[in-house]
Each structure stands twice: as structure tokens, then as C-alpha cells.
Amino acid sequence: MRNFIFSFLFISSLATNAEEFTVFEKDGYFGIKDEIGNVTVPAVYEKLGWSNGSTKVHNGVIGFRRDDLWGLITVRNKALTGQKFYTIEPLSNSHFKASIKGRFSNHLFHGILDERGRSVISFNYFTIEPLGANWLVSLFNGKRQLFGVVSFENQLIIPTKYASINTQRELLIGRQISQKLDIYRTNGQEIQRDLDSLKYQNGWIAFRSGYAGLLTDEGQEVYPFEFKNFAIENEKILPVPFPEWTVYKLDSEFLKWQCDSLAVSNNGMLVAYLNGAHHLLLKNNTLLNNHALLLKEASNDHLIVQNSKTRKWSVVAEDGEKIVSGYDSITTAENHYVCLDTRGWHLIDSKGALKNRLPLQALKPGLSNQFVVKRNNHWGILNNNGESAVTFKYDSIVATDNEYLVSYLNRWGVLDKNEKWIIRSEFQEIISLGNVLIGRRGRGYTIFYEGKALYKTASKPLSNLGTYILIEGDSLKLGLMNQYGEVSVRPQYDVIRMWADHFELVSKERIALIHSSGRSILSFEDGYQRVGGFGDGYFVVKKEDRWGFVDDEGRLRISNRYDDARPFCEGLAPVMLRGRWGFINKDEEIKIQPYYQHVIPFYNGRTIVQQNGKFGLLNQNGEEVLELIWKSIRRLSTGNYIVQDINDRYGLVDENGSFIFRPGYDQLEDFGDRVLVSKNGAWGILNYDRHPVFKINHEDIKVIGDFTMVKD
């Protein structure tokens, strides 16, 4: 009904009034005449009309301006409002958008007046425009414009938190800052939350957390969020399921799951990928029987889950018992749960007991069994029982591995976990680099070790190099400082690189090499241009554009006579002469003649070499272990080699060049006792005796750690 009323009012604004009135000008002032020329409003106004430039009368009402401020009057010169608005313009015959200036800023705040001059929508908004049977309003939070919806009764029915709001097929769609979508009815009732995308195709096809669901025109679920997509067949829209995977763990069936693909996370948990989203998986009846519960983290015997429908977070035991529920987010910290809801942050122990009496403004992990929290706009520390360990009086607190960096009265210092000052709050900045703390005051830096000020310098600390700190001087040159604050290398170098326990110092395309103890190995006067690597106690060095080797005492062991060179490994080093690679030993005996286009360092007594575009394997005597006839050879961590023949078929050989599997597969992956293979688009797993563990008839197979994932 409200939708019809507003549409009627808005359309009526385009119709002519029953009695025509026109604005006229006299001596630079404006008035109004009726259709027969009678003056109904004398020409005493600075302007009559609207701030958008229009002079049309609406429902017997028009705007007037005096002293650069606007108000409303009737065509019979009756004042409806005072002159107090910075802008005013009609939205319909009965609704006029006006603006006032904020008390504490120059921002204009907009509201709506009716044809009697009464405020029907409060003057609280950065913008306000018609939106169907409601008003689209926005606020500016200092960083971005956020939109909401206000009803004709001046009720905020959709909160001002969206990057945009628009109407689609009688629904209101709010796009969050994160780009996720929320759906509302025109009365502000929320229907769906946190959708990834939404499109209309004989119904709303919506995606959330990787799952597709089908909604009616009104936003109600026809099909739940369990599918990959929807397709139209014979004018009917039907769900498209995800492929089903069977997961085996140590050759025993572990679980079945429908998804696009599977992987294993760094902490050994299964990850399912669905339309670009990913979910953690666990063999758990609570999760297997309820697709709406999305596993976010496993902590000891508890699971942190999110309900994909309500978007609320919970902690449940593996038997399904709820430990904590109803929060907007939950993370783990120190065997506790850090929980957020509309009231603020809460600290809850592993049994579900609330540890802070009142909600907190912020909550994050601190040092062992402590939490950094914000309360009443000040920061402090709570222990795991919710008791105050550090007073709530600090501007900011940052936890490092061993201490707290704190800002107090706009100056930074360092506290221990018992609120004892390690470094008094006297600095504009505190930098933590390993065991060293650095306080900056202006352009000066004070170096602290174990709470004691050791050294003051104007050099800027950049990063750690082992137990040393890379520093930058006023001229942007680089130097080194040890952990006691002693400048061991003055800032005068263009580049500093670290090789094992040595530093390469680069200046004007010349290098020096020093041990971390400060002992000189190579000086600039030696004329070296570059260090190319380190291995078996020898540095590869460049001089006069030729490469050679020095030992870790700086003694020249192999003259700079080579076009290129690589570090020693297993007693041999690759060297290039006349554009070809071979190998020498430390006595500079040529063990493998420089004959090859490409070589790689030895590993377990074998090197891969290339000649005339073909690859093979050599031993340390230069003898062919595997003939140079292969299109590619790849060394594996199992000690075996994958070979590719000229027909792009793959096989597997051991380090002696004996075939475990002859080339005959489109793809091949070795796991040390079995191989994953594909042939003619089908996948299978064979053991080293060539017997099938899984026959070569599956659509896809993945093997990660103890998990084998089979797609049929």
C-alpha cells in the first residue's frame, strides 16, 4: 500500500497544478502571480523556486531564499518554515529534500519536509533519495559513504552499513564493504545474508560460501545452498550437484564429500574447494549430517564452526555438544576463545565460561596466558582468568615474542608481562629486531639489549642478517651492527649479502668478503666483482669478468679462467668453457669434459645433463647412467627420476637408470612405493610391482600425505 501511495505522489509531482502560478521578477526581487496575473506573493524575495534551479510550484508550495538560506512558503505567502536550509528541492508534490549544516563540521545533513513544512525524515543523513516505498540514506564515517534505508515513518529499517543498496524485483539488495550481499524485503525484514553473488534466471540463483541455492522472487529458498550451480532444462531450472570424492586415509575409506576438488592444509586438515571457496573437512557426524555448519578450525577436541544460514559462529564438541554459540566471529588463543558480538569482545575459556565481566572494545592474544584488551578507550592486559595484569591506561599495546611495546601519553616504551618498564616511554617509535630493541627519538636511534641502552646512532635499522642488523646511514649506504649495538661495519656500502657466516660488501661494482667475526677474507684491493655462491668450503668469485674459486680463508684455489661457474657440491663444481658445461674437482682436474649445454649440481652421485636438446644422467666419472635421448628428466625427492620421451609419454627410472615404469603414461607422480598415473584421461594408482591399488578408470585422483582422494 505504501508503495502505491508513494508512486501516486511521485507521479502527481509531474502533473500540472489545478491552478497555475508563475514566478516573476521585479527590481531584482521575486514574487508569484496566479494564472490571471494577480500577485499572490509580492516581489520581496531574493529567490523563489528551488536550489536545483527549478521554479515550479508543487502542491501550492515553493521554496524561498533570503540571506542565502532557504525556507518554504505557500503561493498565498504563508511561511511554512523559517529560512534555515542550505538547499531545498522537491522529490514529489508532498516531499521536499532539505539540508542543514552540522554543528561541528561543514558537512550538510539532509532530511525530508512535507507540504506543511514538517520534518518527516530527520536531518541526520549525508544523502537521501527515493527508493521505492522508502528512502535511501547515507552517512559518511570519515573514510567512506555507507548506505541504509529509512521508512516513510522515519524508522531506520536497514542499517547504514552498505557500500550500495538497490532494488531488484521487489527486493532490496545491500552490498557490504566486503562485496558480499544481503537481501531484504521492502519492509526491512532480512531474508538472506552474506551471499557471494546473485543473479535472476527464472528465480534467484545465489551463491554463498561456494554453494549455490535457488530462491523465489521473494527471496525464500526453493533449493538449499548445497549445489554447484543450476541449469535450465525444458524451461525448468534444475540443480547441478558437485562431483563426489571418496577420501582414503592409509588405504581405508575415511569419508565422502561433494566438491570441485580436495587438498590438504599445512596443519594436515582436508580442504574442500567449491566454486572458488574453500572449507575445512573433518570426519565428524555433526558436520557430515549438517551441511549448514562450516568447519573453520579444529582446536583440541573442539570444532569452531559457522552456520552458513544464520552466519553465527559456535564452538562444538566432537559429539555435537555446543560449548559456545551465537557469536559473529570466534578465534582461538591460549586455550581460550576470543568471541565477538554486537556488544563487543568476550574472553571465554575452553569450558564455555565467560572470563570478562563487561564486553571489551578489542581483544587479541598477548604473551603467554595473557590477552591485550581495550576498555573505555584505553589498553591493558588481562590474564586467562579475566583479571587485570596490566593497568588500563595505555594508548596502544603491541605484543612481541618476549615483551609489550606500549604507547603511553604519546610516547613509546617497553613493558614486561608484570607491567615493569624494560624501556621507559620516552621514544617516538620502538622497533623490535630479534633480541634487540631500538628506540627512535627524532633522527636518533638508541639500541637496547636485555633492557640496557648500549649504543646511540643516527643509522636506521632495516632488518636482521643472522645475529647482525642491517643499518642505513644518512647517505643511504648500508652497514652492519651486532646485537650489542656495536657498529661492526660502517654504513658505506651499496649492497650487503650474507653467505653462511660471511658477508659480501659491495661498493662501486667491487666486493669485499668478511667473516661474521670481522676477519677480512677478500678486500676491495683484490679486485673481485661478485660472489656467485658458496659450497663445500669454497666461494665462487668473479674477477675481470671470469670466474674462479677461493676458500673460506680468501686464498685463491682455482684461478679465474672460466666463463661461468657454480658452487661445489659432492666434491664437484659445474664450470663453463667456450659456452659448454663440465665438472672439475677441488684440484681443478676436469672430471667431466665441458661438452654439455646444461648441467645441474650432483645429488647422490648423479647429474642431469643436456646435449643437442636431449637429456640424460651421468655419474661422477662422466659415464652415462641413462642415455641422452630424453625430452626431459626430472629429479624427485624419492631418489628416482621421471623421464619424458619424444612422444610426451612419461616413465620412472631409479638412480641406476633401471626402469620402474617404462614410458607409457600421460602423467606420472612418484610417492616412493607407488605411483599416481593417468592414461587416456583416466587416473589410477599402481605399486612398484605394477599391480593396481586403484585401477586406471577414475576421473581424477589426488594423493597428499596419508590421504588419497578419488573422484568418480
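In which loop is Asp301 found? The legends below answer this and describe other parts of the chain, as seen in a predicted model.

**View 1. Asp301 in its loop.** Asp301 is found in the loop between strand β30, residues 293-299, and strand β31, residues 302-307. Its relative accessibility is 56%. Asp301 therefore counts as exposed, since the cut-off for that class is over 50%.

**View 2. A patch of negative charge.** Four residues gather in this patch on the surface: Asp301, Glu318, Asp319 and Glu321. Asp301 is the residue of View 1, from the loop between β30 and β31.

**View 3. Asp68 in its loop.** Asp68 is found in the loop that lies between β5 (61-66) and β6 (69-74). Is Asp68 buried or exposed? With a relative accessibility of 56%, Asp68 counts as exposed.

**View 4. Asp68 and Ala565.** These two residues, Asp68 and Ala565, are 497 residues apart in sequence. In space, the distance from the C-alpha of Asp68 to the C-alpha of Ala565 is 81 Å.

**View 5. The chain around the close-ups.** The chain has 78 strands and two helices. Its radius of gyration is 38 Å, well over the 27 Å that the globule rule gives for 712 residues, so the chain is more spread out than a compact globule. Taken along the principal axes, the box filled by the C-alpha atoms is roughly 115 × 75 × 60 Å. Of the 712 residues, 46% count as buried, which means that their relative accessible area is under 20%.

Conventions. Residues numbered from 1 in each chain as written. Predicted model: local features only at pLDDT ≥ 70, side-chain atom pairs only at ≥ 80, totals over all residues. Heavy atoms only, no water. Patch = residues over 30% accessible without salt bridge, like charges linked within 9 Å, V, L, I, M, F, W, Y side chains within 5 Å. Areas by Shrake-Rupley, 256 points an atom, 1.4 Å probe, with all protein chains shown as cover. Salt bridge = Lys/Arg side-chain N within 4 Å of Asp/Glu carboxyl O. Lys, Arg positive; Asp, Glu negative; His and termini not counted. Charge placed at Lys NZ, Arg CZ, Asp CG, Glu CD. Helix = DSSP H or I, 4+ residues; strand = E, 2+ residues; numbered from the N terminus. Buried < 20%, exposed > 50% of the residue type's maximum accessible area, 1.4 Å probe, protein only. Rg over C-alpha atoms; globule rule 2.2 N^0.38 Å.
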